[in-house]
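Grab a pencil and have the structure open beside you.

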Amino acid sequence: MDSSEIIVTIAGLALAAFVVWYFFFSARQTASAVSSSGGVQEVDITVKGGYSPDVIEVERGKPVQLHFYRDEENSCSEELLMPDFSVRRDLPAFQTTLVELLPQEAGRFDFTCGMGMLRGTLVVK
Amino acid sequence: MSPSPENTETATLDIEGMTCASCAAAVEKSLSRAPGVQSALVNFATEKATVQYRPGQASPATLKEAVVNAGYGVAERAPDTSAADRQAEIDRQKALAYAKLKRRFWVAVGLAAVIMPLSMLMLWPAAMARVNMQWLNYGLLLLTLPVLLYSGREFYSSAWNGFRHRSANMDTLIAVGTGAAFLYSLAATVAPGFFVRHGLLPEVYYDTTATIIALILLGKVLELRAKTQTSAAIRSLMSLQAKTARLVRPGGQEVDVPIEQVQLGDVVLVRPGEKVATDGVVTDGQSAVDEAMLTGESLPVAKKAGDAVFGATLNKTGAFRFRVTKVGADTMLARIVKLVEDAQGSRAPIQRLADKVSAIFVPTVVVIAILTFVLWFDLAPVSTRLPLALTNFVAVLIIACPCALGLATPTAIMVSTGKGAEYGVLIRNAEALEKAHQVNTVLLDKTGTITRGEPAVTDFLPAPGHEAAPLLQLAAALERQSEHPLAEAVVRYADAQAAPALPAADFRAIEGKGAAATVDGRAVLIGNQRLLRDESVALSADLLQQAEQLLAQAKTVLYVAVAGQAVAVIGVADVVRETSKAAIQQLQALGIEVVMMTGDNARTAATVAAQVGIGRYFAEVLPGDKAAKVKELQAEGRTVAMVGDGINDAPALAQADIGLAMGGGTDVAMEAADITLMRSDLQGVVTAIALSRQTIRTIRQNLFFAFVYNTLGIPIAAGLLYPFFGWLLSPMLAAGAMALSSVSVLTNSLRLRSFSAKQ
């Protein structure tokens, strides 16, 4: 092994480790719902290459309004899926789309883009 | 819904400021006490109040006052944009995006078509001698830049946005792959000396970069076009909604108004050839209405006063008026659209594995690509190790296709739920669709599914020496006074024969036996044999024999006596639908055992079962025991689909692996069932099961293809076959394969559009 091979190997393994840590194990941005005067839990979510925040905490048994603002034209994020709530919604670009839910059970429910690449979680407590 | 009693109106208010259930109670109390309010109902969860009030004494303004007095507010309702309008807006955006994507594609193709032959010059020594390599590379760089910055920009911005959110998608793979090829080429162009000093050829990969982007964009163009077609069914459902209605004002004048302004209780006129504006009940006139768009029933349905009509159906022959009973989101069409939309948003259990793989797919592929680079760099000969490591790194990134995995199940579910709706088969969710393909036993609740569910006169047999027509007139005159279901059957039969109605007097119902009245001055009796015995009417041998025959056919027998003399027997039975036998045969041909269940006695059950070709049946099943029968079949290891009317058999429908309600879309049925059959005939059961089987087959093909494509493609791109056969995959070929893979999955799903119920 010459020196450049050693450098490439170490750099490659380090990069691979970084990819694994960064995408699977690093901390996520969490937001708790804000209850409006009417008892409705509201959360604003920006959609741009992902969902921010991507972990949303709400209380069970109270209506939830999720305002998805899609801040891009990229086709990846054009659909929103919340299979546990039977939601498939088109998110028009640069507009806010309202999704209303009434979570009855506690648990973690994923929401994704149409192809399951962009991911977020609704945590019902 | 029954029309609201004497002139009340209903208002829905959006209440603001309620924080708890007791607030809702306070608002409700305040509204109920307001003058003119008949009833008020406040839903805390939806923040809506539904108020019934007398128009003279209350108005929306006074109702609002009552809410404000209680300390809360009323939100002004923005005019509801209809689902169709929203869809139109989304479609407009999508069309724009499609046009833009096509532009980007053509720019990439145009430039790639120049870059490719220029790059090939290098393979041509004679040409090479005349061209300055350095300048050629700069030229290629200039041509590639627009491909990257205009055509491919979205990949890079999307990958970057995703990276910031710690998420990776298909664009990440393309961006890293083409980005690496481009940056290497850029370095080789700007600083070729550096490469030469390290014993490397300053090779450039501009053609690879441009071609990959062009091919991936081609894939996206095809994909977008195909994807629009997956939701075509629901879009065509939405477009059925009528835009205007012709209202008949109380004064009698007719006026066209936008559909949004139509309110409950309005009277709407429908002329031949017009669309029915919304749901209602016919008040006068008659016609035939084409309901195929909602129920899949191809024959027009006759409508007369008292019959329900539905928005979006097409009036054929006559003109009629109807009173509006449902508007907006409550109409049948809106509920069908909602149900199909919900089903399309649900997740099939079969998808679980693909979901898990998608979630970790892209980062995993990136790691594999990095390891590929390292291994090639470490193992290949020094002179070629860098270009080999680079091209294989790029090929791995480009060939991997998470889209095919992600699209495999949902696209098939979307096409198939839409297709079901076309046939009047409404599938609640993807799970129901998936389960239906495992069904090997169909349990039919006889009444209302195999049979029409209402008694009908099958035989009217006068005694020798009597004529049928005048006797039928007498019988019908009596039965018109009665509310017994058997009496209604006689009346329907008489109406169908166009027997003129006679007046009847002194009507009396005789509990458990029948009824008596005086018609045309004569005493008429209709009832069972006990009635005749009690009234000391003797039966002739002829009539007795005819009655025996009817009983042997498991029919109910009614005896008619006039002036103390038995004159006719009537056979009444719940008749089998014309389509039942054929549908049951088709189910059996699909390898499904059809079992019947009924509350009737064993003799009736056997007759009906034989008539439609059913071998196994349960007779004398009490309504409460239906669910237990389902369990009994399940205990035999069967996967049971239960078919009922959705009203009396909700527990059995719930107990079954799949519950199908044949309620023609009643609320109860739609709530209780996994699958609702809009058309009252068993053909829908065949359609549902056949559609489910074909859908699952398609999904399996898709998933198989997507998994095999990726598990074979990635190792080959990484160069796994190189040690054995010397095969390497060019990144450009990888791009072509990737572009085609997601399109193939989509195209396979779209094949479901050609599903036909007649198989």
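**Exercise 1.** Work out how many salt bridges there are between chain A and chain B, and check the pair Arg385(B) and Glu5(A).

*Solution.* Keep in mind that this is a predicted model. Start with the count: chain A and chain B share 6 salt bridges. Now take the named pair: the side chains of Arg385(B) and Glu5(A) come to 3.1 Å, N to O, and the cut-off is 4 Å, so this pair qualifies.

**Exercise 2.** Describe the side of chain A that touches chain B.

*Solution.* First, the elements: α1 (3-25), β4 (51-52), β7 (79-82) and β8 (87-90) of chain A each bring at least two residues. The largest share, 15 residues, is from α1(A). Next, the classes: 25 nonpolar, 16 polar and 13 charged residues. Finally, the area: the two chains bury about 4,500 Å² between them, with 58% of it on carbon and sulfur atoms. In chain A, Arg88(A), Met115(A) and Met117(A) lose the most area to chain B, together 16% of what that side buries.

**Exercise 3.** Which strands stand at the edges of the open sheet of 4 strands in chain B?

*Solution.* Write down the order, β2-β3-β1-β4, with antiparallel pairing. β2 (37-43) and β4 (73-75) of chain B each have a single partner strand, so they are the edges. Neighbouring strands are turned by 35° on average, direction ignored. Inside the sheet, β1(B) and β3(B) pair over 6 bridges, and Ala11(B) has Val51(B) as its bridge partner.

Technical notes:
Residues are numbered from 1 along each chain as its sequence is written. Chains are lettered from A and ligands numbered from 1 in the order in which they are written. This is a predicted model: local features need pLDDT of at least 70, side-chain atom pairs count only at pLDDT 80 or more; totals for chains, interfaces and linings use all residues. Side-chain values use heavy atoms; hydrogens and water are left out. Two strands pair if DSSP finds at least two bridges between them. Axes are lines fitted to C-alpha atoms, for helices over the stretch in contact, and angles run from 0 to 180 degrees between N-to-C directions. Buried area is the accessible area (1.4 Å probe) that two parts lose on being put together, summed over both. Ala, Val, Leu, Ile, Met, Phe, Trp, Tyr, Cys and Pro count as nonpolar, Asp, Glu, Lys and Arg as charged, and the others, Gly among them, as polar.
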